[in-house]
Amino acid sequence: MLGDLSKADKIYIACGYTDMRKSIDGLTALVQQNFQLNPFQNSLFLFCGRRHDRLKALYWEGDGFVLLYKRLEKSKFQWPKSAEAVRGITRQEFRWLMEGLSIDQPKAVKKWDSTACFLV
């Protein structure tokens, strides 16, 4: 199915801003050269413009790239401005982002690593 993003194994977000004039070739070059990631892997790559009201999503479907574009009319994405070039996010963080929330929710219940409590 065209653009079935739910099949992506990983989701990556390009922190900061991206030149939104870039299309598929420019974004795949960015993923390869700047982030040292493979754009042909089963991953979703998210990019946001300087005004934070536009988002592009790049996804390889096995036979070609899907490029999705979303422009918000009256709000902005809570896009991270951190120094990290690229960051992996969870599906929950992706949902928060699409709902207009920050992916860094200070009060969200975080998964607890129980193996850290046991000494071997």
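Me: How many helices and strands does the chain have?

Reply: Helices (H or I, at least four residues) and strands (E, at least two) are DSSP runs, numbered from the N terminus. Here the chain has 2 helices and 5 strands, and along the sequence they follow the pattern β-α-β-β-β-β-α. Before we go on, note that this is a predicted model, in which local features need pLDDT of at least 70 and side-chain atom pairs count only at pLDDT 80 or more, while totals for chains, interfaces and linings use all residues. Residues are numbered from 1 along each chain as its sequence is written, and side-chain values use heavy atoms, with hydrogens and water left out.

Me: Thanks! What order do the strands of the sheet have?

Reply: In general, strands of a sheet pair through backbone hydrogen bonds, either parallel or antiparallel. Two strands count as paired if DSSP finds at least two bridges between them. In this model, 5 strands form an open sheet with mixed pairing, in the order β4-β3-β2-β1-β5. β4 (65–71) and β5 are the edge strands, each pairing on one side only. On average, neighbouring strands of this sheet are turned by 25° against each other, direction ignored.

Me: Which way do β1 and β2 run, and how many bridges join them?

Reply: They run parallel and are joined by 4 bridges. You can find I13 with its bridge partner L46 in β2.

Me: Now the helix α2: which of its residues are buried?

Reply: Buried means under 20% relative accessible area, exposed over 50%, and partly exposed in between (1.4 Å probe, protein chains only). In α2 (residues 91–98), the buried residues are E93, F94, W96 and L97. Looking down the axis of α2, these fall within an arc of 160°, so they line one face of the helix; the arc is that of the directions from the helix axis to the C-beta atoms. Their cover includes β1 (10–14), β2 (43–48) and β5 (86–89).

Me: Which residues touch the most other members of the largest nonpolar core?

Reply: A nonpolar core is a set of buried Ala, Val, Leu, Ile, Met, Phe, Trp, Tyr and Cys residues joined through side-chain atoms within 4.5 Å. The largest one has 17 residues, of which L44, L46, W79 and I89 touch the most other members. β1, β2, β3 (54–60) and α2 each give two or more residues to this core. Apart from it lies another core of 10 residues, including L30, L37, F45 and L58.

Me: I see R87 in strand β5. Is R87 buried or exposed?

Reply: R87 is buried, with a relative accessible area of 17%. Contact means heavy atoms within 4.5 Å; leaving out residues up to four places away in sequence, R87 touches I11, Y12, I13, C15, P80, E93, I103 and D104.

Me: Last one: where is Q36 found, and where does H52 lie?

Reply: Q36 is in the loop between α1 (24–33) and β2, and H52 is in the loop between β2 and β3. Q36 is not a glycine, yet has a positive phi of about 55°; H52, also a residue other than glycine, has a positive phi near 65°. Q36 is exposed, with a relative accessible area of 61%, whereas H52 is buried at 13%.

Notes
Axes are lines fitted to C-alpha atoms, for helices over the stretch in contact, and angles run from 0 to 180 degrees between N-to-C directions.
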